[in-house]
Amino acid sequence: KVRELWQQLTGFEMVIFHLKEDHFYQRLHTTNYIFNIGTHWAIVCFDAIAISDHKILRERLNNSGHKIITITMQQLQNFGAGGVCEVRTPQNELVLIISKSAETALGTTNIIELSSCVSSVHVIDITTLEDICAGSISSLIGGLY
């Protein structure tokens, strides 16, 4: 019932996917390390998602016009998805806040792709938070609200 209410209130359709039966993936505390979605982009580590769910995720993202950035397991472990957070400014502009670790993990090509989806990109060095707490940008910004 909560899912239906959320879909009704937001106008979004929820797509449920499953993680691979791997101990590493199962102990991740949040899915945004594996799948992070913004207004016009999505960062996905398909290596962590059950193969049976790949097709539906790709279809839905492609049909919605999202630019898909596929990351590897190594990029996932270095905050390639979890280190990225989209925010909207008071002027209604979309902005990406990216940790330095995520910027390094994603590489220049992916950063350029993401940059094309927003007004600006801001890189912040929060290495201490990422190293000690295993949290990243989304945890930091989420804690403010």
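Which residue is the bridge partner of Val95 in β6? To find out, let us walk through the model together. The model is predicted, so local features need pLDDT of at least 70 and side-chain atom pairs count only at pLDDT 80 or more, while totals for chains, interfaces and linings use all residues. Residues are numbered from 1 along each chain as its sequence is written, and side-chain values use heavy atoms, with hydrogens and water left out.

The partner of Val95 is Ser120 in β6. Here helices (H or I, at least four residues) and strands (E, at least two) are DSSP runs numbered from the N terminus, and two strands pair if DSSP finds at least two bridges between them. Strand β5, residues 94-99, runs parallel to β6, residues 120-124, and five bridges join the two. Another pair to look for is Leu96, which stands opposite Val121 in β6.

These strands belong to an open, mixed sheet of three strands in the order β4-β5-β6. Its edges are β4 (84-88) and β6, each with a single partner strand, so one side of each is left without a neighbour in the sheet. From one strand to the next, the twist averages 25°. For such angles, axes are lines fitted to C-alpha atoms (for helices over the stretch in contact), and the values run from 0 to 180 degrees between N-to-C directions.

Now follow the chain from β5 to β6. Together with α5, these two strands make a right-handed β-α-β unit; right-handed means that, with the strands pointing away from the viewer, the path from the first strand over the helix to the second runs clockwise. Helix α5 lies across β4, β5 and β6 at about 150° to β5, where contact means heavy atoms within 4.5 Å.

Helix α5, residues 100-115, also lies across β2 and β3, at about 165° to β3. That brings us to another open sheet, with three strands in the order β1-β2-β3 and mixed pairing. Its edge strands, β1 (35-37) and β3 (67-70), each pair on one side only, and its twist averages 15° from one strand to the next. Strand β2, residues 41-44, pairs with β3 in the parallel sense over four bridges, and Val44 has Thr70 in β3 as its bridge partner. Helix α3, residues 51-63, packs on this sheet, touching β1, β2 and β3, and its direction makes about 140° with that of β3.

Finally, look at the lining of the largest pocket. It has 17 residues, with Trp6, Phe12, Glu13, Phe35 and Ile37 nearest the pocket centre. A pocket is an open set of points on a 1 Å grid over the protein atoms alone, where a 1.4 Å probe fits, with protein on both sides within 12 Å along at least five of seven lines; lining residues have an atom within 4 Å of a point. Helix α3 gives the largest share of this lining, three residues.
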